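Here are my notes on this one, written as numbered points. Have the viewer open while you go through them.

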Amino acid sequence: MNSSLNAARRSRELAEAGDLVVDVLVVGLGATGAGAALDAASRGLSVAAIDAHDLAFGTSRWSSKMIHGGLRYLAKGQVKVAHESAVERGLLLRHTAPHLVRAQPYLLPLTPAVSGGQAATVMTGYRLGDGLRMAARTPRRLLPGPSRISAGRALSLAAPLSPSGLRGALLSWDGRLVDDARLVVALARTAASRGARILTRCRALELAGDGARVRDELTGSTFAIRARTVVNATGVWAAQLDPDIRMRPSRGTHLVLRPETLPGLRAGLHVPIPGESNRFVLVLPQPDGRVYVGLTDEPVAGPVPDVPQAPEEDVAFLLGVLNSVLGVPLGRQDVAGTYAGLRPLLAAGGRTADLSREHALLTSGSGVVTVVGGKLTTYRRMAEDAVDRVVALGRLGAGGSRTARLPLVGAGAVQEAGTVPDWLRARYGSEAGAVRALMAEDPELAEPLPTGITRAELVWAVRHEGALDVDDLLDRRTRIGLVPEDRAAALPAARAALAY
Ligand SMILES: Cc1cc2nc3c(=O)[nH]c(=O)nc-3n(C[C@H](O)[C@H](O)[C@H](O)COP(=O)(O)OP(=O)(O)OC[C@H]3O[C@@H](n4cnc5c(N)ncnc54)[C@H](O)[C@@H]3O)c2cc1C
């Protein structure tokens, strides 16, 4: 089946949805829900998957875009979870999304604030992390091991570092996504290619074990989707659909810097937080040249907003830590944009959860299975566990998960490799040739917008990636919208792409 998502397909599948009884209804199309839709569809089950807004509308687009090897879990003694994370990273790098996940080098600058003892402890951690890589059988050619490098080499990889008192740096490697929202889009499209009905702008108003009452957010009409089993993958909003669940969200904020703000930054940075032995601010160079600086960890109470905002105290904190290692400190005016996300953490003391992993599965009295917590990195494992649970609950008679070796849309070999520019290949993998063909048809579509995105990519997103409006185009299919000025500049092009 075709993997293209667009307004016409949505209308067609929405019109059929009320007459169906699907094997699995998935609610929420972040990484977890899109992963669950793919897991179920690839086992041969019939699937409908809905989101109140858009693909990747929630936390999944506000991450640090890292595919973690599990070192942080090892530090907490959670060996099984750490190993699972390293295995999932390896699967993404080798089999399922090699076009979307790359190795990223990170430097921990050895400034006078980092003692020799602290550096030795961190290096021991990095070596254990490399052991996890080996245990997960991820080859070193994909993810090199850690090393200590000289101050000169550190400055060649990260020119904005202050040379004053720099003794060198610890170099380590981890996985990084081209973009988190693109991972979700690839998951949803791969699920669609296996027959899953992917319906955005459809809000679940009420859930039960045999389906949901749903509102089409574009028309306001309500209808029922009947299902043999239901997965609630609404992340930080999960408690709104199952009042027995209690969430304790925590806010993580990132700064967005323009490419020219930290010139010569070729590696990410782990910047030690002054006064803390094992916490770091991350400096994350992106493929589009922008740099993200994150992140905070602040518990938040009260209603969960659709789009969390970054408070000024988070911005000041991140700038302060970043400036502790820069040669030329940055000011508030250098911060071109900010974003914040809420970690979907489960509150302790709620209904008994299967917390054997960092994620949890909870089954409500009516049989709805909620899957919550975890990380972007482990979305596939979360999806597999959730679908295993509903297959057993609904006696669906499907086999085990097939997603560990199932390449996502774009993962294959690039056609006409010689003629496709690297930047296009890095975002579209095997589909890059088709995006380029659009530009060849109409040279105006080759015109670059802020961050180098072309008009052709916006048209592609409307035709194949399920973008329905300018917000989908600027805030999720591309990340132009992370810098408000860039967003305003690209708005006319986004409107034109919808009408193209
Ligand atoms: C700041 C920050 C940085 C992070 N960095 C990383 C990282 O670098 N690496 C990593 O592995 N993990 C990271 N994480 C964790 C990771 O981002 C999350 O665990 C993951 O994205 C959660 O995905 P999800 O699909 O469960 O939830 P979400 O992405 O929030 O998806 C839930 C979806 O449900 C939809 N929804 C809600 N209510 C309804 C309803 N009633 N009907 C229909 N749909 C509904 C929403 O619109 C949303 O699209 C980070 C988290 C944060 C907050």
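**Notes on the model**

1. Let's start with a loop residue: Arg395 is found in the loop between α10 and α11. Helices here are DSSP runs of H or I with at least four residues, strands are E runs of at least two, and both are numbered from the N terminus. Phi of Arg395 is near 45°, a positive value in a residue other than glycine. Arg395 counts as exposed because its relative accessibility is 76%; the scheme is buried under 20%, exposed over 50% and partly exposed in between, with a 1.4 Å probe and protein chains only.

2. Some housekeeping. This is a predicted model, so local features need pLDDT of at least 70 and side-chain atom pairs count only at pLDDT 80 or more, while totals for chains, interfaces and linings use all residues. Residues are numbered from 1 along each chain as its sequence is written, and side-chain values use heavy atoms, with hydrogens and water left out.

3. Two more backbone spots to check. Most residues other than glycine have a negative phi, and most peptide bonds are trans. Thr451 has a positive phi of about 70° although it is not a glycine; its place is in the loop between α12 (432–441) and α13 (455–464), and at 26% relative accessibility Thr451 counts as partly exposed. A cis peptide bond, with omega about 5°, joins Gly294 and Leu295. Leu295 sits in the loop between β14 (291–294) and β15 (298–299).

4. Now the ligand. It is surrounded by 39 residues, the closest being Thr32, Asp51, Ser60, Met66 and Thr377; a residue is near if one of its heavy atoms lies within 4 Å. The shell divides into 16 nonpolar, 18 polar and five charged residues. For the classes, Ala, Val, Leu, Ile, Met, Phe, Trp, Tyr, Cys and Pro count as nonpolar, Asp, Glu, Lys and Arg as charged, and the others, Gly among them, as polar. Elements that each supply at least two shell residues include α2 (31–42) and β8 (202–208).

5. Which atoms lie 2.8 Å apart at Thr32? An N or O atom in the side chain of Thr32 and an oxygen atom of the ligand. A backbone N or O atom of Thr59 lies 2.9 Å from a ligand oxygen, and one of Ser64 lies 3.0 Å from a ligand nitrogen. The protein covers 98% of the 1,000 Å² of accessible area that the ligand has on its own (Shrake-Rupley method, 1.4 Å probe).

6. The second largest pocket holds about 310 Å³ of space. A pocket is an open set of points on a 1 Å grid over the protein atoms alone, where a 1.4 Å probe fits, with protein on both sides within 12 Å along at least five of seven lines; lining residues have an atom within 4 Å of a point. Of its 19 lining residues, Pro287, Asp288, Arg427, Thr451 and Ile453 lie nearest the centre. Helix α11 (residues 422–428) gives the largest share of the lining, three residues. By class, the lining has seven nonpolar, four polar and eight charged residues.

7. Finally, two buried side chains. Thr190, in helix α7 (residues 180–193), counts as buried at 3% relative accessibility, and its side chain reaches the backbone nitrogen of Val409 at 2.9 Å. Arg43 is buried too, with a relative accessible area of 6%, and its side chain reaches the backbone oxygen of Glu384 at 3.5 Å.

Methods
Grid points are joined across faces, edges and corners, and a volume is the space filled by probe spheres set on the points. A polar contact is a pair of N or O atoms within 3.5 Å; within protein, one must be able to donate a hydrogen and the other to accept it, and residues adjacent in sequence count only if both atoms are side-chain atoms.
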